[in-house]
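Student: I have not looked at this structure before. Could we go through it by question and answer?

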Amino acid sequence: MPGRELEAELRVGVSFYTSALCYSVIRLEPYTTCALACSYCYARWYRPEGRPEAKMWLVKPLERLWSGLSARGLRLVPFRLSTLSDPLQPLEEGAKLTLAFLRMALRHRVPVVLNTKRVLFACHPWSEAITDLASRGLLVLQISLSTLDEEVARVLEPRAPPPAERLEKAGELSGEVPLVVRLQPLVPGLFEREREELVEAIAQAGARQVVVEFLRETPEGLQAIYGRLAQLDPALGGAPCAWESYSLAGGRLRRPSLPYRRETLAWLRERLVKHGITLGTCKEGIFELQDGRDCCGFRFLDSERVAYRLTLYDVWRAGGSLEQALEEAARAGDVLYGPRLAPYPRPIRRALRAHENKLLKALGRPEVLARVCPSLA
């Protein structure tokens with residue numbers, strides 16, 4: 001596969017939100033689409049329709065790429081398995097492509113973040129591959145939840161395992177494997193109904209971090225989701241917040257208002273800290289309410305292998321000064337930016353540079369910063 005095609009395959013889409021805020025911009029998608037059919041899934045806007053197929057053609061070029069990275073001894077931005085489809089969806093049980101990638105990551109000491117709703121991670125032989133990677137500081141397991149209510153979950157996530165089963169199986173591994181729970185999406189109204197129970201269940205499972213990603217939907221999508229919830233419980237028929245535009249270009253995508261997001265994050269952080277659990281946010285830019293720069297659990301990986309890319313968090317931490325942020329990055333050994341990208345193979349180098357260029361554009365546009373990063377507005 002030519003380098004440009006591999007780059008396009010591995011690179012998370014460039015955008016002001018992602019490029020300015022996200023560390024996890026290198027993905028690995030074993031499957032073309034997802035069979036779980038979650039009603040709120042944002043990935044449906046970016047991937048093809050139809051039945052999932054395994055991308056078996058990725059194995060050889062990925063092996064070459066990872067072999068080269070390993071031989072050079074370079075720090076790596078962890079690969080995310082995955083962003084647009086569940087890597088452990090039913091097709092994996094036969095194709096075992098995610099399993100092949102995990103075993104390959106172990107051979108080449110490549111750090112990965114495995115993000116799933118399914119519980120195949122607790123089954124042989126996936127569990128062995130996962131625990132082997134984790135024992136070497138090369139894997140973080142993320143499981144996604146939107147609710148603890150099994151009846152609600154059947155409506156929102158009809159083909160995913162029950163939430164209690166996800167937490168139970170993750171808890172069985174959490175002593176050996178760093179566990180991050182993603183509240184993805186956090187659904188206003190539904191969250192308030194069960195938030196105390198949710199925090200306790202997450203703590204009971206042994207999670208080390210919680211990542212919050214608020215619901216993003218079109219007006220029609222919101223109407224459909226809350227309509228389904230109202231059929232289960234009329235009290236869930238509407239959100240306890242206003243909604244604002246998410247799209248910078250005036251599109252129709254909506255998210256909960258900034259005051260609601262701030263209040264919710266503050267409440268959650270206060271509760272989580274009592275259990276020794278850190279809080280991360282996904283594409284929020286409300287840095288004073290998250291615990292450090294690490295929004296995805298990179299801190300639980302081998303610090304000698306992991307690299308971070310420059311983001312607005314670094315600028316915020318430097319008092320809003322890009323110059324100061326670059327000086328601090330130059331002193332740090334784990335931040336990839338500018339000339340430090342030169343030794344990396346083309347697919348990685350070009351992907352990281354594309355996101356860096358978009359970050360720099362955001363810094364030059366105050367109206368973008370105000371929306372993308374309230375902490376710097």
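Student: In this predicted model, what is the handedness of the crossing where helix 9 passes helix 11?
Tutor: Helix 9 covers residues 190-204 and helix 11 covers residues 258-273; they pack with their axes 10 Å apart and at an angle of about 20°. An angle under 35 degrees counts as roughly parallel, so helix 9 is roughly parallel to helix 11. The crossing in which helix 9 passes helix 11 is right-handed.

Student: How do the residues of the contact of helix 9 with helix 11 divide into nonpolar, polar and charged?
Tutor: Helix 9 brings F191, E192, R195, E196 and V199, which meet Y260, T264, W267, L268, R271 and L272 in helix 11. Sorted by type, the residues of this contact are six nonpolar, one polar and four charged.

Student: At roughly what angle do the axes of helix 3 and helix 5 cross?
Tutor: Two packed helices are described by the angle between their axes and the distance between the axes. The axes of helix 3 and helix 5 come within 10 Å. The crossing of this pair is right-handed, and its angle is roughly 20°.

Student: Which residues of helix 5 make the contact with helix 3?
Tutor: On the side of helix 3, the contact is made by V59, L62, E63, W66, S67 and S70. Counted over both helices, the contact residues are seven nonpolar, three polar and two charged. The residues from helix 5 are L97, F101, M104, A105, R107 and H108.

Student: Which side chain makes a polar contact with the side chain of H108?
Tutor: H108 lies in helix 5 and, at 11% relative accessibility, counts as buried. Leaving out residues up to four places away in sequence, H108 touches E63, W66, S67, S70 and R305. The polar contact of the H108 side chain, at 2.5 Å, is with the side chain of E63.

Student: Why is helix 6 described as largely enclosed by the rest of the structure?
Tutor: Helix 6 runs over residues 126-135, and a residue is called buried when its relative accessible area is under 20%. Helix 6 is largely enclosed because seven of its ten residues are buried.

Student: How far apart are the C-alpha atoms of L76 and D334?
Tutor: L76 sits in the loop between helix 3 and strand 2, and at 3% relative accessibility it counts as buried. Beyond its neighbours within four places in sequence, L76 is in contact with residues including L69, R109, R305 and Y344. L76 and D334 are 258 residues apart along the chain, and their C-alpha atoms are separated by 9.0 Å.

Student: Which residue has its backbone oxygen 3.3 Å from a polar atom of the side chain of S85?
Tutor: S85 is located in the loop between strand 2 and helix 4. At 8% relative accessibility, S85 counts as buried. The backbone oxygen in question belongs to Y31.

Student: What is omega for the cis peptide bond that joins L81 and S82?
Tutor: Most residues other than glycine have a negative phi, and most peptide bonds are trans. The bond from Q184 to P185 is cis, with omega near -5°, and P185 is in strand 5. S82 is instead in the loop between strand 2 and helix 4. For the bond that joins L81 and S82, omega is about -5°.

Student: What phi does K283 have, although it is not a glycine?
Tutor: A37, in the loop between strand 1 and helix 3, is not a glycine but has a positive phi of about 60°. A37 is partly exposed, with a relative accessible area of 38%, whereas K283 counts as buried at 15%. K283 is found in the loop between strand 9 and strand 10. Its phi is positive, about 55°.

Key
Residues are numbered from 1 along each chain as its sequence is written. This is a predicted model: local features need pLDDT of at least 70, side-chain atom pairs count only at pLDDT 80 or more; totals for chains, interfaces and linings use all residues. Side-chain values use heavy atoms; hydrogens and water are left out. Buried means under 20% relative accessible area, exposed over 50%, partly exposed in between (1.4 Å probe, protein chains only). Helices (H or I, at least four residues) and strands (E, at least two) are DSSP runs, numbered from the N terminus. A polar contact is a pair of N or O atoms within 3.5 Å; within protein, one must be able to donate a hydrogen and the other to accept it, and residues adjacent in sequence count only if both atoms are side-chain atoms. Contact means heavy atoms within 4.5 Å. Axes are lines fitted to C-alpha atoms, for helices over the stretch in contact, and angles run from 0 to 180 degrees between N-to-C directions. Angles under 35 degrees count as roughly parallel, over 145 as roughly antiparallel, 65 to 115 as roughly perpendicular and the rest as oblique. A crossing is left-handed if the near helix is turned anticlockwise from the far one by less than a right angle, and right-handed if clockwise. Ala, Val, Leu, Ile, Met, Phe, Trp, Tyr, Cys and Pro count as nonpolar, Asp, Glu, Lys and Arg as charged, and the others, Gly among them, as polar.
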